Every structure is written in C-alpha cells, then in structure tokens.
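Morning, everyone. Please look at the chain on the screen while I talk.

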Amino acid sequence: MGQSASTHGYTPGGSNHFRNPKIDLHQLRPTYPDSLHTDAVCVNHQQQQLDYSSEIPDECLALIFQSLSSGDRKRSSLVCRRWFAVEGQSRHRLALNASVDVTGHLPSIFTRFDSVTKLALRCDRKSVSINDDALSLISLRCRNLTRLKLRGCREISDLGMLALASNCRSLRKFSCGSCMFGAKGMNALLDNCSSLEELSVKRLRGINDGFAAEPIGPGVAAASLKSITLKELYNGQCFGPLIIGSKNLKTLKVLRCLGDWDRLLETITKRKNCLTEIHLERLQVSDLGLMALSKCPELEIFHLVKAPDCSDDGILAIAENCKLLRKLHIDGWRTNRIGDEGLIAVAKNSVNLVELVLIGVNPSSISLMAMASNCQKLERLALCGSETIGDPEISCIASKCTALKKLCIKGCRVTDSGIEAFAFGCPNLVKIKVKKCRGVTSEVADWLRARRVTLSVNLDADEIEPEALDASTSDGGVQEYGVEFPAIATGGAAGGHVAADGGDAPSTSSGGRLGNKSRFSIFAGRSLVACAFRRLSSSNGNGSTSDSL
C-alpha cells in the first residue's frame with residue numbers, strides 16, 4: 001500500500017529495459033561515407049543470397065539424399081529446382097499406389113524418376129488397378145528394372161506380362177500376389193528374363209484351372225534361379241517343370257498350397273541338386289516327401305510346419321542324410337507324430353545345429369538331454385506349446401547348453417524353479433523370453449535380472465490367459481505358437497503417389513486363442529513359426545530383428 005511501481009522493472013515487449021534515458025542511441029552508431037555504406041549493404045545482401053550447395057557435385061548431393069529419411073528427402077527436394085532434379089534422378093527405389101487413378105500421372109512420374117531399378121506396384125481390394133497399357137508404359141520407361149513387386153494388380157493380364165518381360169530383360173527379382181494373369185504371362189517372364197534369381201508367387205488366380213493348367217517353366221530363367229517361393233496356390237504343382245529345371249536352385253518355399261506334393265518332391269530330388277533351404281508349411285506331404293528331401297546333401301535350413309502326415313520316420317531320414325543341417329523348425333501341430341525318435345536322430349547327426357524351434361512337439365527329457373549334450377553349437381532355442389517340458393527339462397538345458405545365446409519358452413509347464421537355473425547355467429545367454437507360462441512370476445524375472453545384469457529377461461506375465469492351453473482354432477484344433485521378434489524398420493522416400501519400397505513387414509500373432517480367430521480360413525492365419533528367428537542373425541549386429549526374443 002502506498003508503494004509506487006519500480007522504474008527498473010521488466011516491461012514485456014518494452015525497448016527501454018535497463019536503458020539510460022539520457023543517452024541517445026543514434027549518437028552511438030558508427031558513421032561511414034555514403035559510398036562505403038552502400039558497398040557494405042550490397043556485400044551483405046550478396047552473402048545472404050549465396051547458395052553454398054552449388055559447390056557440391058550432383059553425385060555427392062545424391063549420396064546425401066540417400067542417407068535422409070523419407071520425409072526429409074521429400075522436403076529437401078522442394079528447396080530448389082536443382083535439388084528437385086537431383087533427388088528424382090538419384091532415386092532407385094519406388095513404390096506406387098497402382099490404382100487406375102495413377103495412370104495419367106505415369107509419364108510425369110517416370111520423367112522425374114528416370115533411374116528406378118526397384119519398383120513396387122500395389123493396389124488395394126477396393127480399387128481398380130492399372131491395366132496392361134499402364135504396365136507396358138512403365139516397362140518402357142524403366143528398362144533397367146531389376147526388382148518388381150506386383151500386389152493386387154488384378155487388371156494386368158498375360159499381355160501386360162509379355163510387354164513387361166520383353167522390355168525389362170534385366171529383372172533379377174520378381175514377386176506377385178493376388179494377380180489375375182496366368183501361365184502364359186508367367187512363362188513369358190521366364191522365357192525372356194535370363195538373369196532372374198528370385199521368384200515369389202502368391203495367390204495367382206489365373207492358374208486355378210485344375211489339371212488343365214498349362215505347365216510353367218523352365219524357360220531361360222531356370223539357369224539363373226536361386227530361390228522359388230510359392231504361397232497359397234490352388235494348383236502350385238504346375239510350377240513343377242520350373243522347379244525341376246532350376247539346377248542352381250538353393251531355396252524352395254512351398255507354403256499353404258493345395259494338392260499332393262510327395263510325387264513332385266520325389267521328382268525334384270531324383271537328380272543332383274544344390275538345395276540348401278526348404279520350407280514346407282501346411283502341405284499335403286508325408287514321410288515319402290521327407291525321405292525324398294533327405295537326398296539333398298547340402299541342406300542347411302529346414303522348416304516343417306503343420307504337416308500332420310509327417311512323423312519321426314521322415315525327420316529321421318532328414319537327420320541321417322543331411323549332415324550340414326544348421327537350422328531346424330518343426331511345428332508338430334500337437335499330433336504327437338514327431339517326438340523322441342526323430343529328435344534323438346537330429347541330436348546324433350546334426351552337430352552343426354545352431355538354431356532349433358519346436359512348436360507343438362512333446363519331447364521327453366531323454367531327447368532333450370541328447371540334444372543338449374550333442375549339439376554343442378546350439379545358440380538359439382525355442383520351445384513352444386509343449387506339454388512335456390517342465391522344470392527338469394529346462395534345468396537340463398541350463399546346465400548342458402553352454403553355447404546358448406537366446407532362448408524362448410512359451411506355453412510350457414515351467415515354474416520359477418526352472419527359470420532360476422539360468423542364474424548360473426548357459427554362461428553365454430544374452431536373452432531369455434518367457435510367454436504364457438502360468439507358473440513363472442515376475443518376481444523370478446526381477447531376481448534373475450539382479451543376478452545376471454547383462455541378461456535380457458522378457459516375461460509377458462500380463463498376457464497369460466486362464467484358458468490358453470484349452471482353447472483351439474477351427475483350422476485343425478491346435479494352437480499356433482511361435483517366437484516373436486521386433487520388425488526392422490526400413491526407410492525410404494517418396495512423394496505424391498510415390499513411396500519408398502520398404503518390403504513386406506513380417507506379421508506376428510500373440511497366440512491365436514481368441515474366439516474370433518476361429519472363423520478364419522486356413523489361409524487367413526499365419527503360423528508364428530514363420531517369424532521365429534527370421535532375422536535373428538541380424539539382431540547381433542544392429543540390435544533389432546524381425547517380430548523379440
């Protein structure tokens with residue numbers, strides 16, 4: 001009360017803060033001759049307008065753009081005309097929304113992006129895709145194309161594929177899914193692309209003609225093909241001539257394809273082959289097919305997922321004849337047809353085994369003891385959905401598997417006592433993941449972290465479901481188990497209808513026990529074994545893998 005406001009206080013936005021009112025600031029300004037003042041202003045203006053990036057060669061500027069994220073690259077391209085041109089000319093990978101609406105923009109898109117070598121064309125189900133004329137235009141503008149991915153391009157027919165194959169003869173990787181062209185279009189590709197190394201075909205509707213389907217292959221591409229993947233095909237056996245004729249084929253993946261595959265596998269292995277990786281998932285294949293595959297002496301990676309007609313006899317043949325086996329994934333679908341006999345054979349013969357995934361398999365302590373004792377190089381192990389694996393079996397692994405680095409236990413009858421064994425066992429263990437094991441508590445996880453500070457312990461205690469081990473799905477009545485890993489982020493850049501082609505991210509599942517999943521068809525759900533250790537090797541270098549042991 002009675003106090004006046006201070007004359008030295010701060011006035012927001014004021015210009016007299018701490019200024020002596022008796023001093024005229026205009027008197028403190030330096031004086032220049034008129035000519036000198038004008039020259040200084042001009043130099044200042046020139047410095048502000050100088051483009052320092054003009055000294056950077058286009059090649060170096062392109063390398064800088066390639067190291068930017070998608071958003072930063074798009075924003076940088078708008079800085080000036082030169083940056084816009086260099087960014088477009090230096091882009092080698094594109095992904096386009098392949099709806100019919102983009103057709104009119106194709107000339108301008110590929111005028112700007114004239115160096116594209118990797119292209120993805122995707123169209124959603126609700127849209128009409130580009131047609132043969134658009135694909136022909138793209139193939140004329142991108143003659144140096146080495147990788148092409150088609151998804152949902154239902155308006156492309158055999159004629160469009162013929163134009164593509166005629167204009168883009170340097171293709172090395174081709175992938176298509178949910179397309180409508182048929183055997184003629186596929187044969188055109190194989191007859192013209194002599195450098196083709198990888199072929200992936202999924203849900204190709206145009207070959208669903210039963211026994212009347214035209215055979216596919218081999219063509220000139222058979223000499224260079226190293227990898228063939230067939231997914232969800234009604235008549236996948238029509239690719240038999242291509243598989244048989246590909247003498248340098250190293251990877252064969254047949255997933256969820258209808259029909260009997262035993263006879264084709266027997267034909268494939270009658271001649272000398274160099275197959276090193278084979279994936280079989282949800283196929284009508286029996287021990288006869290596995291015995292045929294045992295004639296692949298260079299086999300290193302073998303995945304057998306949900307093949308109920310396969311038993312210990314087939315696994316025994318694989319183990320005894322494929323001595324170089326390094327990675328083995330078995331999803332027994334709880335049929336109890338694969339057990340101790342097959343696993344003991346693997347333990348005795350696969351001394352180079354570094355990765356083992358067992359899902360829906362019920363091994364005893366005898367086979368696990370043999371595996372732990374003989375497979376001294378085993379680094380990655382996943383045990384999922386087994387009714388026979390408990391604390392004694394886990395303790396055996398902890399004491400015997402000295403090279404083990406990563407372990408996943410899911411849906412097994414393990415308690416805190418079993419997990420405590422890793423406080424002193426497995427000296428090289430860096431990560432352990434426990435999911436849906438009702439006997440394991442968060443207390444033992446905290447205790448284990450305290451005992452081994454360098455060990456990563458992942459316990460999903462909150463995800464345990466009371467009826468997890470009793471629920472089933474309609475596609476066989478067996479729970480899907482697997483190991484999940486975080487996806488690797490892949491960057492890219494794009495603008496407008498254009499986006500960087502980052503590839504297909506692997507899908508995961510948290511168990512598939514919910515009631516609404518039971519309404520899915522056999523092709524709707526993906527077995528999590530496909531995600532198990534998919535990119536585990538890369539995790540050692542960059543700390544992230546495909547979907548997280």
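Start with Ala398, which sits in helix H15, residues 391-400. Helices here are DSSP runs of H or I with at least four residues, strands are E runs of at least two, and both are numbered from the N terminus. A word on the source: this is a predicted model, where local features need pLDDT of at least 70, side-chain atom pairs count only at pLDDT 80 or more, and totals for chains, interfaces and linings use all residues. Residues are numbered from 1 along each chain as its sequence is written, and side-chain values use heavy atoms, with hydrogens and water left out.

Is Ala398 buried or exposed? Buried, because its relative accessible area is 3%; buried means under 20%, exposed over 50%, partly exposed in between, with a 1.4 Å probe and protein chains only.

What does Ala398 touch, leaving aside neighbours within four places in sequence? Ala421, Phe422, Gly425 and Cys426. Contact means heavy atoms within 4.5 Å. Then there is Pro427: 29 residues from Ala398 in sequence, and 8.9 Å away in space, C-alpha to C-alpha.

Now the core. The largest nonpolar core has 124 residues. Such a core is a set of buried Ala, Val, Leu, Ile, Met, Phe, Trp, Tyr and Cys residues joined through side-chain atoms within 4.5 Å. Helix H8, residues 183-192, gives the most to this core: five residues. Met186 is among the residues with the most contacts inside the core. Beyond four places in sequence, Met186 touches Phe174, Cys176, Phe181, Leu199, Val201, Leu204, Ile216 and Phe239.

Last, the whole chain. It has 18 helices and 16 strands. Of its 549 residues, 48% count as buried.
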